[in-house]
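Hi,

Here's the structure I said I'd pass along. Have a look at it first, and then read on for what turned up.

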Amino acid sequence: MQPMKKALAFALALFMALSIGIFPVSAAESTPTQLLADQTFGAELLNSLGLFKGTDQGYELERVPNRTEASVMLVRLLGKEAEALAGTTKHPFVDVPHWADRYIAYMYDKGLTKGVSATTFDANASCTAQMFVTFVLRSLGFSDTKGDFKYSDSISFARLEDVITSDYMTYLQKATFTRGDMALIAAEALFANLKDQEQYMIEKLMAEGAVPSDKAMGYLDSVDAIFMLNYADYLRNNHDFINEELISTFSLGEAGYQPRTLKTNAQIKADYGDTDYRMALVYTYTYPDGSRDSYERYYSEGYIYEKSTDGTKGKYRAEDYDDGSTDPDSDEWADGYFSFVSQIGAYAKVDIQELPDKTVITRTLSDQYAKDTAYYYLDQYYADMEGVDYVLNVKSAVFTYTLNADGAYLSDDTYLEYDYMDLENGIKLTIKVSENYKYLQTAPTITFPSFSDYQLVKN
């Protein structure tokens, strides 16, 4: 793609977002609540693999971990827990708790720790991010004693090796290190490559029988799906044109009443010409009573033209945007998130069918993410929910993506179904959402209306 095309590529995303009211949340906007959710999933992922077991108080994700806890995690990440527990070697430290004795003895025997003195391990001293990241890098095969990295630069080196994202690196360099961070970093490391190998740590642990293979394969399928879809996004954003159709239906059914259905049809077209950049987006809404509205947005020669549903026409001066598009193999590929595993956590199940001429990826949302998605649709289409105490039950939340042999999108289908109970008013609703995107493989024909009566609106 030529530089001008790349510079304008983000304009389409903005262009569409302005039309349908959707903006992605960047890592810079992530809240402590979201980070805790990511850490919780990291802990649950590790727990499902037998690598993180918590305490009698639960996971205690907001507590600062100690050196002993970090050391035990290292042994587990090395896949050596069974060997450590069956071992008979000893260590000289007098301050190690009985439950961790075998782990520290294994580390001492293998030269992984020397303690802080001849007889003291400093077992209850706080573990820092720098210290734990160093442990993780060692478990991946890197050595700070052989010159792979310096202890003082362990966090930034972990970023270079794609163990953590840039946003999380910045966070770790400033924040108090917690057990939640320990769990999230360890979970991230499972999907990082071992030193000088094209093998994830989780694959090594699976091959050694240190983690259950069925669980590990499920997570690896999720990773494959993420990268396939990221690559499809990359192709879409770096193509010479976009030619897409959207058909969506939102149905709200109440007991004893005819379901209310809102249908949306959209045409999304963009042509990244050598001398001009043209886009057209036209939405048509069909309401439950059969009435219709349309919404139009166009981009040409540095301006966005908008025709709203009431017929108002506006002309806006478009800014120059840069989407920061990168090659899919770039080190920046995973940025924009506090964590990579949070993307895995969004889905309870992933199925990938690789056929001769296409690949079909089916992803079932996890219950929490399905509810978060439902809140968006309810907020968009059912204003009566505001301030109401209600219960939401997820019945179905499935996304199906079809890619061609080159990895580009052919279609994207969404089906969501929920039972909604308004506890305040005793109203029971069934909510169904169906969306289908078709990605046409032919360049679009874009026909503009006359813009002579569009009035300039100052931003």
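A quick definition before the details: two strands count as paired here if DSSP finds at least two bridges between them. Keep in mind that this is a predicted model.

With that in hand, take strand 10 (residues 409–422) and strand 11 (residues 427–439), which run antiparallel to each other and share 12 bridges. To see one of them, find Ser411: its bridge partner in strand 11 is Lys438.

Both strands belong to an open sheet of 12 strands with mixed pairing, in the order 7-8-9-10-11-1-2-3-4-5-6-12. At the edges sit strand 7 (347–354) and strand 12 (455–457), each pairing on one side only. On average, neighbouring strands of the sheet are turned by 15° against each other, ignoring direction.

Next, helix 11 (residues 213–237) packs on this sheet and touches several strands, including strand 1 (241–254), strand 7, strand 10 and strand 11. Its direction makes about 70° with that of strand 7. Helix 11 has 25 residues and spans 36 Å from first C-alpha to last, close to the 36 Å expected. Among its buried residues are Tyr219, Leu220, Val223, Ile226 and Leu229.

There's also a helix pair to look at. The axes of helix 3 (residues 67–77) and helix 5 (residues 101–109) come within 9 Å and cross at roughly 70°, so the two are roughly perpendicular. The crossing is left-handed. Residues making the contact include Val72 and Leu74 of helix 3, and Tyr103 and Met107 of helix 5.

Cheers

How values were computed: Residues numbered from 1 in each chain as written. Predicted model: local features only at pLDDT ≥ 70, side-chain atom pairs only at ≥ 80, totals over all residues. Heavy atoms only, no water. Helix = DSSP H or I, 4+ residues; strand = E, 2+ residues; numbered from the N terminus. Axes fitted to C-alpha atoms, helices over the stretch in contact; angles between N-to-C directions. Contact = heavy atoms within 4.5 Å. Expected span 1.5 Å × (residues − 1). Buried < 20%, exposed > 50% of the residue type's maximum accessible area, 1.4 Å probe, protein only. Parallel < 35°, antiparallel > 145°, perpendicular 65-115°, else oblique. Left-handed = near helix turned anticlockwise from the far one by under 90°.
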